[in-house]
Amino acid sequence: METTSMLPVQITPLAVQDPSVLKPLDLSDAGAVPGSEVQNGDLIKVGSIMDHTKKLQNDLQKLGHKIKVHEENLRFLKTQTHNLDESILDMQVSLGKYHSASVGAAENENSNHIQTEDNTVEQILQQEKSAAGILCQLKTRHGTQASNLPLTKDVLGIVATLGKVDDDILSRVFSEYLGLETMTAIVCKTFEGVKALETYDREGGISKSTGLHGLGPSIGRHLDGRFLVICLEGLRPYVGDFVADDTQRKLALMKPRLPSGECPPGFLGFAVNMINLDISNLSYLTASGHGLRETLFYSLFSRLQVYRTRAEMLLALPCISDGALSLDGGIIRSAGVFSLGYRKDVEVRFAISSRTSNLPMEYMDIEEKLKTTIWEKERLLEDEEREKILLNHVKHNFESKRQEFVKFLAESSSYVTQQQVSAGSRNSTPR
């Protein structure tokens, strides 16, 4: 017996490609059979044709209606399955981050060292002849007063001090990817701040008495070589949506997909979303209303993907466009550009975010929810298979009924033609 799934969908009548197929013959008046006389038997036959035509038409419409029901049900189930796939992937990413954090915590315990903000500042200070070292030395000596100087009032900070990460492994791989020059780059709010850091004489030479070149000797440091400065108002910001209800305002980037449509195994997320911002840095906005994540860190990392291992990263090559990293040291700079060899620790690294004591409980909650969501997806896939079987069955019945209808219309038309010829013969016979 035919059954249909009771799903919340709006049903619309089936659109038949040839509406004339469902149009019954108009045999309700004597004009259908030419002549002034129609025999009683002929009238009975005409009535029977009309009744059966309507019955076949109604049967086709009912079957068409059922087809639409199953098609709408299938669309609904596929949408639900897609949503569950996204939820499963998000939870797997969260669990993957926890695993990486656990590995990082274990390494930290073995080395008895956790990268803190003070450690990061100390690492910058060790770069004695760097612009970042001069600014950190100035801030260390004069505190908040240093931020009010004409030279530094437009300086937001050093790249390494503007974000944190979840664990030591991420700190090391991100710092190596960016390199020392970028990690110690000075971040200015506007172009005016960039110009204040270095001035020039009439001949175009660097003025040694102004800017950072003049400030260095006054605090016992001499600036040597080039230094990188990033101007926030000059960066092209990320244009797109943000993750809903996320306090860190992470970017809603499309997850990578293999040619099969599946998300690559081992994918942990995008580097730009793995940077944690303090409240002060999170609330900072440029004059055009953009935050640090969608300006500074998006320009540094773009859509850089993070994987658990090199092997998983290499398997994901078809869907890597803006580079990738792996926790075991693999680096793909961009499509077709690889960094091979051994990992080298950069002298300046990102600080590690403080941990919460309820993280293990959170992990258990996510793991339990993941199991439930996978079970729900399996049930939906089973429902999809049942709907496909029912849909194919109804389509088969519809086609059979359609062929029966077309055949009946042809036979009815033949009968009408015969009656027309017969009636014409009777009318032409002299009385």
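Okay, let's start with arginine 172, which makes a salt bridge with aspartate 168, the closest N and O atoms being 2.5 Å apart. By salt bridge I mean a side-chain nitrogen of Lys or Arg within 4 Å of a carboxyl oxygen of Asp or Glu. This is a predicted model, where local features need pLDDT of at least 70, side-chain atom pairs count only at pLDDT 80 or more, and totals for chains, interfaces and linings use all residues. Residues are numbered from 1 along each chain as its sequence is written, and side-chain values use heavy atoms, with hydrogens and water left out.

So where do those two residues sit? Arginine 172 and aspartate 168 are both in helix α4, residues 168-183, four residues apart, about one turn of the helix. Helices here are DSSP runs of H or I with at least four residues, strands are E runs of at least two, and both are numbered from the N terminus. Are arginine 172 and aspartate 168 buried or exposed? Both are buried. Buried means under 20% relative accessible area, exposed means over 50%, and partly exposed is in between, using a 1.4 Å probe and protein chains only.

How many salt bridges does the structure hold? There are 21. Over in helix α10, residues 359-428, arginine 386 and aspartate 383 are three residues apart, about one helical turn. Their closest N and O atoms are 2.1 Å apart in a salt bridge. Arginine 386 is partly exposed at 46% relative accessibility, and aspartate 383 is partly exposed too, at 26%. Helix α10 also has glutamate 385 and lysine 388, three residues apart, with 3.7 Å between the closest N and O atoms of their salt bridge.

On to the nonpolar core. That's a set of buried Ala, Val, Leu, Ile, Met, Phe, Trp, Tyr and Cys residues joined through side-chain atoms within 4.5 Å. The largest one has 69 residues, and among the members touching the most others are Phe174, Ile186 and Phe301. Its largest share, seven residues, comes from α4. Apart from that core lies another of 12 residues, including Leu56 and Phe398.

Next, the sheet. Five strands form an open sheet in the order β5-β6-β7-β8-β9, with mixed pairing; strands pair if DSSP finds at least two bridges between them. Strands β8, residues 331-334, and β9 run antiparallel and are joined by three bridges.

Last up, aromatic rings. Rings of Phe, Tyr and Trp (its six-membered ring) pair if their centres lie within 6.5 Å; planes under 30 degrees apart are stacked, over 60 edge-to-face, and the rest tilted. By that rule we get seven aromatic pairs. Tyrosine 177 and phenylalanine 301 have ring centres 6.2 Å apart and planes at 20°, so they count as stacked. Tyrosine 177 is in α4 and phenylalanine 301 in helix α8, so this pair ties together parts 124 residues apart in sequence. Tyrosine 177 is buried at 12% relative accessibility, and phenylalanine 301 is buried at 1%. Then there's an edge-to-face pair, phenylalanine 267 with tyrosine 307, at 5.7 Å centre to centre and 65° between the planes. And ring pairs link Phe174, Tyr177 and Phe301 into a cluster.
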